[in-house]
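Reader: I have the sequence and the coordinates open. Could you walk me through them, one question at a time?

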Amino acid sequence: MNADVETVRTADRKHVFHSWSAQELIAPLPVAGAEGSYFWDYEGNRYLDFSSALVYTNIGYQHPKVVAAVQEQAAKMCTVAPGFAVDVRSEAARLIAERTPGDLDKIFFTNGGAEAVENAVRMARLHTGRPKVLSAYRSYHGATTGAINLTGDSRRFGNDSATAGVVHFWGPFLYRSAFHATTEAEECERALRHLEDTIVFEGPQSIAAILLEPVVGAAGVIVPPAGYLPGVRELCDRYGIVFILDEVMVGFGRTGTWFAADHWDVTPDLLCFAKGVNSGYVPLGGVAISAAIAETFARRPYPGGLTYSGHILACAAAVATLTTMAEEGVVEQSARTGAELLGPGLRELAERHPSVGEVRGLGTFWALELVRDRETREPLVPYAASGADNAPMAAFADACKKGGLWPLAAGNRLHVAPPCTIGAADVAKGLEILDGALTVADTHMA
Ligand code: PLP
């Protein structure tokens, strides 16, 4: 369909209700096409996508092998009910199970991340017979009722029903330590002690699960200290609590390993995934399930399901994405890009721009923490800022776009998350655009 840009814009404004927005205060950019690390509008402006859409086009836009696999599956059979056994669904589940750590060998498919979290929590509650779930402040787990209440960032505020059996705790984050720690080791030890205190005072017998992002995504790109996730695993084992890792944003190569948990050799009991599993070409998510939890539902029906569970177009995209990522070494490329290009390049920018308070990340997943003052670490904009309070970040994001880079601004941070397949020349180009845009952020120094 070739549509005139004004027709697209007008129908969008008239009929499309967009996520997270006051509908009259937004002006969505009409997008005409996309390829690799770029998308473009109808006026011929090309944007280097440092957001990978919403951190999911790990293999880039329009990878020909994935496009062909979806086309071939559509020609053969577009859809079939979830209760049947189908070649492409079986193969997608096998390929995912092959990559997940430990004995996470059974896959329950969903349409996206929030549904994966909802189902993982349901499994944990039924498996343990306990009601509560512990999750971290500075987290994002999705926008359905359970998932948004589990979320520990300001997107929960408009939805908080305080009734979903959720208790929040502080995870480790040395730059803004909740524990007044001064080293990673101290932060790790204190965060684990705080979590154990929370478990003990909530009553372990009432806690079904601890839910964590192994590397915190939307709420900050926060890489935990080395001992933290193994320590949480140990606490879960000690108190009979199910350990759920939410790998929706960081799974499938984003941090330079298949799963972020691989960095610390940790195996959860349930692992939620979505996004990168098929680079978002067709909606797909799911839960990878341990042998022990699968056994709970071996002769007892699992009380949950979805019309489109394991949709075969989405599974065809997953099979093609996962095999292509292996063939083309995309996970290794993500690791190399982080270690050799993005990490050093962003740190070099921080040396020259006083508004950069911290650079952190792994693979093709980084954050610049923007501040007004490096000493006090006062954020460039306040927590949960909107409107005029958020103006400095909005101006910074505008400068990126004017330079031809699509940024992922989150609170007072720039998240840097290009496709895992980005080449060296595009990394260099992105860093150059950021260099120019950071001069805008620098003007707000205290
Ligand atoms: N969990 C994490 C860690 C996420 O980053 C997201 C989305 O960004 C979700 C869950 C929700 O996924 P979805 O938007 O597909 O429901």
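Reader: What is the strand order in the open sheet of 4 strands?

Author: Happy to start there. This is a predicted model, in which local features need pLDDT of at least 70 and side-chain atom pairs count only at pLDDT 80 or more, while totals for chains, interfaces and linings use all residues. Residues are numbered from 1 along each chain as its sequence is written, and side-chain values use heavy atoms, with hydrogens and water left out. Strands are DSSP runs (E, at least two residues), numbered from the N terminus, and two of them pair if DSSP finds at least two bridges between them. With mixed pairing, the order in this sheet is 1-2-3-14.

Reader: Which residue of strand 2 is the bridge partner of alanine 34?

Author: Strand 1 (31-35) is an edge strand, as is strand 14 (405-406), and each pairs on one side only. Strand 1 and strand 2 (residues 38-41) run antiparallel, joined by 4 bridges. The partner of alanine 34 in strand 2 is phenylalanine 39.

Reader: Which are the edge strands of the open sheet formed by 7 strands?

Author: That sheet has mixed pairing and the order 4-10-9-8-7-5-6. Each edge strand pairs on one side only, and the two are strand 4 (106-110) and strand 6 (166-169).

Reader: What angle does the direction of helix 7 make with that of strand 6?

Author: Strand 6 runs parallel to strand 5 (residues 132-136), with 4 bridges between them; serine 135 has histidine 168 of strand 6 as its bridge partner. Helix 7 (residues 184-202; helices are DSSP runs of H or I, at least four residues) packs on the sheet and touches strand 5, strand 6 and strand 7 (207-212), where contact means heavy atoms within 4.5 Å. Axes are lines fitted to C-alpha atoms, for helices over the stretch in contact, and angles run from 0 to 180 degrees between N-to-C directions. The angle with strand 6 is about 150 degrees.

Reader: How much of the area that the ligand exposes taken alone does the protein bury?

Author: The residues around the ligand include Tyr140, His141, Glu213 and Lys275, by the criterion of a heavy atom within 4 Å. Among the polar contacts (N or O atoms within 3.5 Å), a polar side-chain atom of aspartate 246 is 2.7 Å from a ligand nitrogen, and a polar backbone atom of glycine 113 is 2.8 Å from a ligand oxygen. Accessible areas come from the Shrake-Rupley method with a 1.4 Å probe. Of the 400 Å² that the ligand exposes taken alone, the protein buries 80%.

Notes
Polar contact = N/O pair within 3.5 Å; in protein donor to acceptor, adjacent residues only side chain to side chain.
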